[in-house]
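Biologist: I would like to go through some local features with you, one at a time. Please give the idea first and then the case.

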Amino acid sequence: MDAKAVLKYAEDHEAKFVSVRFTDLIGAWHHLTFPMHELDEGSFEDGFGFDASSLRGWASIHESDMLLIPDASRVWMDPFSEEPTLTVIANAVDPITKEGYGLDPRSVARRAESYLRFTGIADTVNFGPEAEFFIFDGVEVNNEPHHSGYRIHSDEGIWSSGRGEDDFRGPNLGYRIRNKEGYVPVPPADSLSDLRSEISLTLEQCGITVECHHHEVATAGQCEIDFRFSTMLGTADNLQIFKYVVRNVAYQYGKAATFMPKPMYGDNGSGMHCHQSLWKGEKPLFAGDGYAGLSDMARWYIGGLLKHAAAVVAFAAPTTNSYKRLVPGFEAPVNLAYSARNRSAAIRIPMFSTNPKLKRLEFRPPDPSCNPYLAFSAMLMAGLDGVQNRIDPGEPLDKDIYDLAPEELKNVPSLPGSLDESLKALEGDHEFLLKGEVFTPQLIDRWISYKREKEINPMRMRPHPLEYSMYFDI
């Protein structure tokens, strides 16, 4: 669409308001809502002014004035607004230079795609994420100086098997998913099938093509809904829409959805395996006659991802909670190797089809708590560095990691074990991100300082409830 087409679309749908959406540094969506008469063709060039100083990780007070420039290519009607509301994704732009704001995540992704074309290596990178999530009946959280804890409510959870018949949720009919046995059962064990169908239909209304939905491995409502791959920027936009729709449909059902990577101890966490491939015109560049049907370019791309993986996960697995999922020995993708079969390797080569157009690699460490614009851009820049420098990824890891002798296993490097370690890796390895001014030193510094000050330090300073069990009587 162009500006005229957007206005015609709004008129056809009798829109009364326009919601202008943008993403903060951490990855959360925000919006400003204007009556439709405030949107005209000039808005797509002049934008809307707003104060960026109150957003997490963004501008200081002396550089708070920013513009939101709507992107006419990302427009849909909001399915949850009572009044007909046109929704449009915007870029945050510096009002003086009229260039994408250095800390605006979507501008980072646009620069990454521009840099890809500049290199001549390819003109398109496609991404297909598998964003897992949980849907709970409710969550209680408290963090006071004298008490802290959380409680998850899920009638589907295995722990609900013994609840009384007089519970407000009604009769106890006994169908529960045991820990780690939740992969694709049918109803009534899968109690969320209709809810996922509702989410899928709503996503289609927003322009996102759903391919499949199913229950995931964990008890207590772990789900996955797969949607069709697209360009890097298009997929990042789609993921923001996806998370918004999942949360709001769950809310309409009286439930709570979370993309937290590890909300429960003792069962699977939620990952976001990221399928990716490079294309030039109609030609897929990752298909070849090498290992698992890969081209040399694909192997070099893998080499770059593996070389920079410790820094990449500072964006792709960006929370302290992420590393409660990325734990060695629990089928977590922590081993910095690639394989066509081994799901504990950081990179897997899907082998479902021999069609060259479906040849891709799957980077498995990311989780859905990430900011997709930053995480996808970091993966692309790492892969491009591998192609530019022809980085050899070494031999594939096709052995069962759990059968490896200790002397073999010690030769397989692994991901950092904490967010703090990932940030240290990013501090020491980020030159590949600065190429083409895709990432800026200001953004990397701001990311590291925010994560340490606002997330790592508060976690370090608070007693953990488990510590009372371990140390109270010491």
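Modeller: We can start with a proline. Pro365 is in the loop between β17 (361-363) and α8 (372-388). Keep in mind that the model is predicted.

Biologist: Is Pro365 buried or exposed?

Modeller: The label follows from relative accessible area, and buried means under 20%. Pro365 has 0%, so it is buried.

Biologist: Which peptide bond is cis?

Modeller: Omega is the angle to read. For the bond from Pro187 to Pro188 it is near 5 degrees, and that bond is cis. Pro188 belongs to the loop between β8 (147-153) and α4 (193-205).

Biologist: Next, the backbone angle phi. Which residues other than glycine have a positive value?

Modeller: Lys98 is one of them, with phi of about 60 degrees. Ala292 is another, with phi near 55 degrees. Lys98 sits in the loop between β5 (85-93) and α3 (105-119), while Ala292 sits in the loop between β14 and α6. Lys98 has a relative accessible area of 52% and is therefore exposed; Ala292 has 15% and is therefore buried.

Biologist: How do I read the cysteines? How many disulfides are there?

Modeller: A disulfide is a covalent bond between the sulfur atoms of two cysteines. A search of the whole structure gives 0 disulfides. For Cys223, the nearest cysteine sulfur belongs to Cys212 and is 12 Å away. Cys223 is buried, at 0% relative accessible area.

Biologist: Let us turn to aromatic rings. How many aromatic pairs are counted?

Modeller: Two rings pair if their centres lie within 6.5 Å. The count comes to 20 aromatic pairs. One of them is Phe227 with Phe242, a tilted pair with 5.3 Å between centres and 45 degrees between planes. This pair links distant parts of the chain, 15 residues apart: Phe227 is in strand β10 (residues 222-227) and Phe242 in helix α5 (residues 232-252). Phe227 is buried at 4% relative accessible area, and Phe242 is buried at 0%.

Biologist: Why is the pair of Tyr291 and Tyr338 edge-to-face?

Modeller: Planes over 60 degrees apart count as edge-to-face. The planes of Tyr291 and Tyr338 are at 80 degrees, with centres 5.7 Å apart, so the pair falls in that class. Tyr291 lies in the loop between β14 (283-284) and α6 (296-307), and Tyr338 in strand β15 (residues 335-339), 47 residues apart. Tyr291 is partly exposed, at 24% relative accessibility, whereas Tyr338 is buried, at 2%.

Biologist: Which rings are linked into a cluster?

Modeller: Ring pairs join Phe22, Phe50, Trp58 and Tyr101.

Biologist: What lies over the face of Trp29?

Modeller: Arg21 does, at 5.0 Å from the ring centre. The charged end of Arg21 also sits over the ring of Tyr244, 4.5 Å from its centre.

Biologist: Last, the surface. Which residues form a nonpolar patch?

Modeller: Leu466, Met470, Tyr471 and Ile474 do, with about 480 Å² of accessible area together. Met470 is in helix α13 (residues 465-471) and counts as partly exposed, at 45% relative accessibility.

Terms used. Residues numbered from 1 in each chain as written. Predicted model: local features only at pLDDT ≥ 70, side-chain atom pairs only at ≥ 80, totals over all residues. Heavy atoms only, no water. Patch = residues over 30% accessible without salt bridge, like charges linked within 9 Å, V, L, I, M, F, W, Y side chains within 5 Å. Areas by Shrake-Rupley, 256 points an atom, 1.4 Å probe, with all protein chains shown as cover. Salt bridge = Lys/Arg side-chain N within 4 Å of Asp/Glu carboxyl O. Helix = DSSP H or I, 4+ residues; strand = E, 2+ residues; numbered from the N terminus. Buried < 20%, exposed > 50% of the residue type's maximum accessible area, 1.4 Å probe, protein only. Phe/Tyr/Trp six-rings, centres within 6.5 Å; stacked < 30°, edge-to-face > 60°. Lys NZ or Arg CZ within 6 Å of the ring centre and 35° of its normal. Disulfide = S-S within 2.5 Å.
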